[in-house]
Amino acid sequence: MAEQALSTVSNANADVALASHMAEDAYSPVSSMNAAVSLASHSLSIGQEFPDVDTCRRTLKDIAIALHFEIRIVKSDRSRFIAKCSKEGCPWRVHVAKCPGVPTFTIRTLHGEHTCEGVQNLHHQQASVGWVARSVEARVRDNPQYKPKEILQDIRDQHGVAVSYMQAWRGKERSMAALHGTYEEGFKLLPAYCEQIRKTNPGSIASVVATGQDNSFQRLFVSYRAAIYGFINACRPLLELDRVHLKGKYLGTLFCAAAVDADDALFPLAIAIVDIESDENWMWFMSELRKLLGVNTDSMPRLTILSERTMGMVEAVETHFPNACHGFCLRYISGNFRDTFKNSKLVNIFWNAVYALTTAEFESKISEMVQISQDVLPWLHHFNPQLWAVAYFEGVRYGHFTLTVTELLYNWALECHELPIVQMMEHIRHQLTSWFNDRRNMGMRLTSILVPSAEKRIAEAIADARCYKVLRANEVEFEIVSTERTNIVDIRSRVCSCRRWQLYGLPCAHAAAALISCGQNAHLFAEHCFTVHSYRETYSQMIYPIPDKSLWKESGEGAEGGTAKVDITIRPPKTRRPPGRPKKKVLRIESLKRPKRVVQCGRCHMLGHSQKKCALPM
């Protein structure tokens, strides 16, 4: 009876204390309401049990923060926990003891009355990094991009407590470690992770390379069989190469080789993480890419590769893909030209030169630029037009002139930079799996011959073909006559003298006119890589899930990607993020978009409109 009376009194005193603090805490009404909720869910009573002393300590800390008073721990060991109010003279005190024979703890003594005024400001001794970590764990799980400044503002709004930026940052870091493991654990799991990829997705490539006597991480390469199959059997022979620098604890660089599917969507083929970007690491990456394609490289059409053509990239491509056409990304070239000359008129003429279909048109535009600035000539000597100009480039880019993979890599780096390396790769795998499933379903719904983007271009070519007069020379050759120019079309070789058919893989307006005149379906003369059948084949294979890491065996391949070593432990790389806020490179999303193609009329050859909208009399 005495214990029940004491419990009733203590709860009543707690309610009085709460009412008092709600009246005094005028600076944060939200925190007062949350305090009431917190107290209701964590009210104390004699005989109340806790699974262990840590749970008891956390509960008392939550109540102290909710009611704006601070506690001081008098005793904490394996058998008891005693705490009292930190204010001198305040009688609030609790004694928790371990129950005999079981791991639980129970409240033996409770003096629940506060005579002090509690904490009169926003700072609270119990608001430790550990408490911050527990408070934000659910939010961090849903949003890894939860920023420290958002954390400290939310804690102030919800709990009426001010924490420092460093407390918020460390709290988030601790919460991320609890959810995903530490960065160090991520590197340690890499051999087992690679083994799981190969086991769950047979035919996939997954290897990790360590260096030095301490097995410091150096390289990770992953390519799923589903992606390898889709590229070799259905994608156009075009690859984009790019990289992005990571900003996590141990820095690093993310490499990616990506293809383009039939409907112009990005198709990541191979992903690698390396300790630093170097010529040696690019050489290794292209070597792994060559092994991945294997004997299929010789039977494939001539491969076209687009990149920024850094020294490491150029040497690696020349070594492992000597027959490939390696061209510049036009975004990189145009940016360099714009920054060099800073002349809008020159830049406009430059774009006309880029898209000129014939060498004569290209040279004419170069002459115009030279008249404005003689410095254009040494620039052209440094950036050979054969590596970027449509008129001279030997590879087939199918209308892709810029790196679409850049934005993808930027987003991956932004979304994953705070995740350990295994979780980063899992995030990427989840996105790839989602793309494969969505696009596979979309492909099954298509009923046309070609994918939507190709159907649209063919329809435009057919509409423009009405402006032409067609003269048939023989079964396969046609003369297409317009007011200004005559073009020759060979429907057997799929060649037009305007070069658009060869460059884009789809019949141009001249080819469409020739095909329509002899009763042929223009859609059937598109490259096979633009067909719905090819699109379905691209995503016909599945990327299978990987079991939870608790089910892995911590064994895998050796440090050099050779035989498995059970006791291999991959350690973090030597590189590490320096102290302080990292420098942020602002990458404008609009700059990642493909430059708008300059439209040139096929009749009057003026820029800015198509021949369908040409006002010149027929």
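This is a predicted model: local features need pLDDT of at least 70, side-chain atom pairs count only at pLDDT 80 or more; totals for chains, interfaces and linings use all residues.
**Entry 1**

I started with the open sheet of five strands and read its order as 1-5-4-3-2, with antiparallel pairing. Which strands stand at the edges? I found strand 1 (49-50) and strand 2 (71-76) there; each has a single partner strand, so one side of each is left without a neighbour in the sheet.

Next I looked up how strand 2 pairs with strand 3 (residues 80-85): the sense is antiparallel, over five bridges. I also noted Ile73, which stands opposite Ala83 in strand 3.

Then I checked what packs on this sheet, and it was helix 3 (residues 53-66). I have helix 3 touching strand 1, strand 2, strand 3, strand 4 (93-98) and strand 5 (105-111). For the angle between the directions of helix 3 and strand 2 I wrote down about 165°.

I moved on to an open sheet formed by four strands, with antiparallel pairing and the order 13-14-15-16. Strand 13 and strand 16 are the edge strands here, as each pairs on one side only.

I looked at the end of the sheet where strand 15 and strand 16 pair: I got two bridges, in the antiparallel sense. Asp490 has Val495 in strand 16 as its bridge partner.

Helix 21 packs on this sheet, and I see it touching strand 13, strand 14, strand 15 and strand 16. The direction of helix 21 makes about 120° with that of strand 14.

**Entry 1: helix 21**

After helix 21 I came to Gly519, where phi is positive, near 75°.

**Entry 2: a surface patch**

I found a nonpolar patch of about 270 Å², made by Tyr165, Met166 and Trp169. I placed Trp169 in helix 6 (residues 165-180). I looked up the exposure of Trp169 too: its relative accessible area is 30%, so I put it down as partly exposed.

Definitions and conventions:
Residues are numbered from 1 along each chain as its sequence is written. Side-chain values use heavy atoms; hydrogens and water are left out. Patches are made of residues with over 30% relative accessible area and no salt bridge: like charges are joined within 9 Å, nonpolar side chains (Val, Leu, Ile, Met, Phe, Trp, Tyr) within 5 Å. Accessible areas come from the Shrake-Rupley method with a 1.4 Å probe; for residues, only the protein chains shown count as cover. A salt bridge is a side-chain nitrogen of Lys or Arg within 4 Å of a carboxyl oxygen of Asp or Glu. Buried means under 20% relative accessible area, exposed over 50%, partly exposed in between (1.4 Å probe, protein chains only). Two strands pair if DSSP finds at least two bridges between them. Contact means heavy atoms within 4.5 Å. Axes are lines fitted to C-alpha atoms, for helices over the stretch in contact, and angles run from 0 to 180 degrees between N-to-C directions.
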